[in-house]
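Here is a quick walk through a two-chain model, one feature at a time. Keep the viewer open as you read.

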Amino acid sequence: MSAVALPGETARGRGPDWRRALRALLPAVSLALVLGAIAWINPRVISYFGFTLMLNYAVPIALATLAQMFAMTANDIDLSIGAFVGFICCVVATYLNQSAWLGALLLVACVAGYAALGALIHARNLPSIVVTLGMSFVWQGLAILLLPKPGGHAPIWLQATMSYRPPYVPLPILASLLIAAIAWFGLMRTSYGAILRGAGGNATAIARAGWSMLRAKAILFGLAGLFGVFSGMALVGITGAADAHLGDGYTLLSIAGVILGGGEFVGGVVSPIGAVIGALTLTLASTQLLGFLHIPPDWQVAANGAILVIVLAARVAISQRGKAR
Amino acid sequence: MANAELVKLEGVAKAFGAVRALGGVSLDIGAGECVGIVGHNGAGKSTLMHVLIGGVAPDAGRILVGGAQQTAYGAAQAKALGIRCVFQELSLCPNLTVAENARVFHPGVSGWGWRRRSAKLILDKLDEIFPGHGVSGGDLVESLSIGRRQMVEIARAFTVSDQPARLVVLDEPTSSLDEHTALQLLAYIRRAVGEGVSCTLISHILGEVLSATDRIVVMRDGKVVVADQTGAFDRARLISAMGGVESHAPRQARAQSAAEAPVQVRIRPARQPDGQELVARRGEIIGLAGLAGHGQTDLIVAAFDAAGRRGAAEINAPVALVAGDRQSDGVFPQWSIAENIAVRSFEKLKAGPLLSLKRERAFAEEWKARISIRTPDVGAPILSLSGGNQQKALFARALGSDAGIVLMDDPMRGVDYATKLEVYDLVREEAARGRTFLWYTTETEELKNCDRVYIFRDGIIVAHLARDELTEERVIHSSFAGAH
C-alpha cells in the first residue's frame with residue numbers, strides 16, 4: 001500500500017497549487033484589464049511613444065515598490081520610503097551633480113544607514129512601523145535642509161539615461177523587465193535569497209539552523225535602501241530638478257504595489273515580478289486611465305483607492321475559496 | 001549496540017524563575033544507540049531536550065560531546081557537532097519550498113544548481129524513510145498537510161551534507177503521522193541506529209518507545225527516576241515508574257450529592273468518534289486531564305465560544321475564563337489591578353451610561369480582601385504584582401463576575417504553592433455555592449480537587465474517572481497510548 005501515504009490528501013494537495021497559479025496571475029490580469037480599458041478608450045496610445053509617455057514614472061515607482069518589498073520580506077514595513085526617495089532626489093540634484101565622488105559617497109552612506117536601521121530593528125526588537133515612521137521625518141527634514149525650495153539640477157548623464165529611446169521596446173518597459181528579472185533572480189533563485197524569505201516565514205527556524213537573523217534583516221533593509229536610492233535617481237533623471245516632496249506619494253504607492261503584486265504583510269510571501277507589475281498597474285490606473293475617463297483630479301485619489309480595494313478583494317476571495325475546500 | 005559515548009550530561013540543572021525544571025540530571029547517549037525519554041507533564045523532558053540541542057543553557061552541570069566538555073554550547077555549535085532535533089511544533093518555513101527548507105538546514109548547499117542538489121538531498125531521504133511520501137521538492141510547505149510537513153521535518157534532520165548527523169533528537173515525531181507512516185519512521189530509526197546514528201525518542205506512545213529504543217530513561221519532577229535497557233521494561237513498569245506511588249491527600253467529602261443537580265455543560269470534543277461527552281452539573285468541579293496539548297484547551301475554548309449560542313454544545317449559564325497563559329491571554333498589562341479585576345463585570349459597575357470608578361474600586365477592594373491579593377493599592381499597575389498574585393486577580397475577575405460556569409485553562413502554571421492552596425479552597429467554596437468549574441490542569445495532584453475527571457488523548461476523551469476511581473496511575477495509564 002502507501003502509494004498515497006495519507007489518503008485523501010492528494011486531491012487537497014493540488015488545491016493550493018491551482019490557487020497559487022491564479023494568485024500569481026492576478027497582478028498580470030489586472031494590468032491587462034487596465035491596459036485594455038485604456039486601449040478601448042484611446043487606441044492610439046498603444047504605441048511606442050504612447051507607452052513611453054504613459055509609463056514615464058513607472059520606473060521610479062517600480063524601484064520604490066521593490067524597496068518596500070524587501071522590507072516586507074522580513075515582516076516589516078517601510079513608511080519612510082517616500083521621504084527617503086525625496087531626500088535622494090535632493091542629494092542627486094545637488095551633491096551628485098556638483099561632485100560625483102561626494103555624491104556617490106553620500107548615497108552609499110544612505111544605503112548603509114538603511115542596513116543599520118534593519119539591524120537596530122532586529123537587535124532592539126523594535127516595531128519597524130514606528131522606526132520607519134520616525135525616520136520619514138528625518139529624511140524629510142534633511143531633504144528640506146538640502147533644498148528648501150524646488151531646484152537643483154539632475155546630472156546630465158542621468159537625464160540622458162532616463163530619456164534614452166531604445167529601438168522597438170519603450171524604455172520604461174525594458175527597464176521594468178530588467179529590474180524585475182534582477183530582483184527575481186536575487187531573491188527567488190539564489191540560495192541566500194531563500195534564507196532571506198525564510199526569515200519572514202519562520203524566523204525561529206532560520207535562527208535554529210544557525211543563520212544570523214541580524215545579518216538577514218540588515219541585508220534586507222540594505223537592499224530596501226539601495227532600491228530607494230535607485231528610485232530617487234530614476235525620478236530626478238526624469239524630472240530634471242528636485243524637490244523635497246517629490247517622493248511623498250511613494251510610500252503608499254509602494255505598499256499598494258507589493259500587495260497588488262501578490263505579496264503579503266506577514267509570512268515572507270513576496271513576488272518581485274508581481275511587485276513590478278503592481279507598480280505598472282498603479283501608475284497606469286492612477287494617472288492615465290483616470291485622466292482618459294475624464295475623472296476630475298479631485299476624485300483621482302479616491303478612484304485609485306477603489307481600484308486597489310477591488311483587486312485586493314478579488315485576491316482574498318480566491319484565497320478563502322481555496323481554504324473552504 | 002552502545003559503545004563509544006557520544007553525548008554525556010552530568011548533573012544538569014535548570015530553573016525557570018521559581019520553577020525547577022531539571023534538578024541534576026545525568027544522561028549518557030552512546031554512539032549508535034536509541035534512548036527513549038518518557039515522563040508525565042512537567043517531568044522535564046522538553047527542557048532536557050533543549051539542553052541537549054543547545055537551545056537552553058543549564059544553570060549547573062556539564063555537557064560533554066564526544067568526550068570533550070562543551071563551553072558556550074549553543075544551537076549553532078550543537079548543529080556543527082552533528083546534533084539535530086525534530087521539533088514537535090516543526091521548524092519549517094511555510095513560505096518556502098521543500099527544497100528551499102532543506103537548503104536552510106545545509107549552509108553548504110549553495111552556488112549554481114543548489115535547488116536541484118537540495119531537492120535531491122531531501123527527496124532521497126524522504127524516499128528512504130517514507131517510501132511513497134508524495135512530496136516533491138518544489139512543493140510549498142504551506143500547501144502540504146501537517147502529516148507531510150512532519151515527514152519533511154523528520155527527513156531533513158537525517159540528511160547529511162557538509163555537517164554530520166550524529167544524534168537526532170525526536171520530540172513526539174509521530175504526533176501528526178498516521179499509523180503506517182509512524183511504523184515507517186520507527187523502522188527507519190532502527191536502520192539509522194544500526195548505521196551508527198544515535199537517536200533520542202521522546203514520545204507519549206509507550207508502544208513506540210518500547211519497540212524502537214535500546215534504553216529508556218524515565219523522568220519525573222525534573223529528575224531521572226529509572227534508566228534501564230528497554231528489554232527490562234514493559235508497559236506496566238513504565239507507568240508505575242512515571243507515576244510512582246502517591247499518598248493521597250485527604251479532601252473533605254462533598255456535602256451534597258451533585259448527581260441530581262441540573263446539567264450546566266454538555267459538550268463533545270470536535271473529533272470525538274463515539275458518543276462520549278463531557279457533562280458538568282451545577283456545583284461540580286470537573287477536571288480535564290491528560291498530557292499537555294491533547295485537546296483540553298480546545299474544548300475549553302469551544303465551551304467558551306458555545307456560550308450564549310445555539311449549537312450542538314449545551315452551555316446553560318454565563319461563562320468566565322481563567323486563562324493559563326497570563327501574559328498573552330490574561331492580564332491587560334497597561335491597566336491597574338482594579339481594572340483588570342473589574343473588566344468582566346463592567347456592566348454591573350455602571351452608573352448610568354458611564355463606568356463608576358468608585359464602584360469599580362470598591363469591587364476590586366472586596367475581591368482583594370476575599371482572596372488576599374497582596375498589594376497596598378488596587379489602583380497600582382497589574383504588573384506590580386507577583387505572578388501568583390496576578391493569577392489571583394484573574395481568578396477574582398472570573399469569580400467576581402456573573403458567570404455560573406468558570407473555565408480554567410491550566411491556570412496554576414508558575415504559581416507558588418501557598419497561592420495554589422488558597423485558590424483550591426476558593427474553588428471548592430465557590431463550587432459549594434453552585435458554580436460549575438471546568439478545570440484543565442497538567443498537574444495530577446490538582447485533580448484531587450475535582451469531583452470527576454475526563455482524560456484526553458489526541459484531542460478526544462479517552463477515559464472518565466469518578467473521584468473514588470482517581471489515581472495518578474489511572475491518569476497516566478489513560479494518557480499514554482498503548483502499542484501501535
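## Two loops with positive phi

In chain B, Asp221(B) sits in the loop between strand 9 (215-220) and strand 10 (223-229); helices (H or I, at least four residues) and strands (E, at least two) are DSSP runs, numbered from the N terminus. Although Asp221(B) is not a glycine, its phi is positive, about 50°. With 53% relative accessibility, Asp221(B) counts as exposed (buried is under 20% relative accessible area, exposed over 50%, partly exposed in between, with a 1.4 Å probe and protein chains only).

Asp458(B) is another non-glycine residue with a positive phi, near 55°. Its place is the loop between strand 20 (452-457) and strand 21 (460-466) of chain B. Asp458(B) is partly exposed, at 39% relative accessible area.

## How to read the model

This is a predicted model, in which local features need pLDDT of at least 70 and side-chain atom pairs count only at pLDDT 80 or more, while totals for chains, interfaces and linings use all residues. Residues are numbered from 1 along each chain as its sequence is written, chains are lettered from A and ligands numbered from 1 in the order in which they are written, and side-chain values use heavy atoms, leaving out hydrogens and water.

## Where the chains meet

The contact (heavy atoms within 4.5 Å) involves 33 residues of chain A and 36 residues of chain B. About 2700 Å² is buried between chain A and chain B, with carbon and sulfur atoms giving 54% of that area; buried area is the accessible area (1.4 Å probe) that two parts lose on being put together, summed over both.

There is one salt bridge between chain A and chain B, meaning a side-chain nitrogen of Lys or Arg within 4 Å of a carboxyl oxygen of Asp or Glu. Arg197(A) and Glu100(B) meet in a salt bridge at 2.7 Å, N to O. On the side of chain A that touches chain B, the elements giving two or more residues are helix 1 (9-41), helix 8, helix 9 (191-201) and helix 10 (203-208) of chain A. Helix 9 of chain A provides the largest share of that side, seven residues.

## Salt bridges in chain B

Over all chains, the count comes to 26 salt bridges. One of them joins Lys8(B) and Asp28(B), whose closest N and O atoms are 3.2 Å apart. Lys8(B) is in strand 1 (residues 5-16) of chain B and Asp28(B) in strand 2 (residues 19-30) of chain B, so to speak distant parts of the chain, 20 residues apart.Arg344(B) and Asp402(B) also form a salt bridge (3.2 Å, N to O). Arg344(B) is partly exposed, at 30% relative accessible area, whereas Asp402(B) is exposed, at 54%. Glu429(B) pairs with Arg370(B) in a salt bridge, the closest N and O atoms being 3.9 Å apart. Glu429(B) lies in helix 14 (residues 417-432) of chain B and Arg370(B) in helix 12 (residues 357-370) of chain B, 59 residues apart. Arg370(B) and Glu429(B) also belong to a network of salt bridges that includes Glu430(B), Arg433(B) and Arg435(B).
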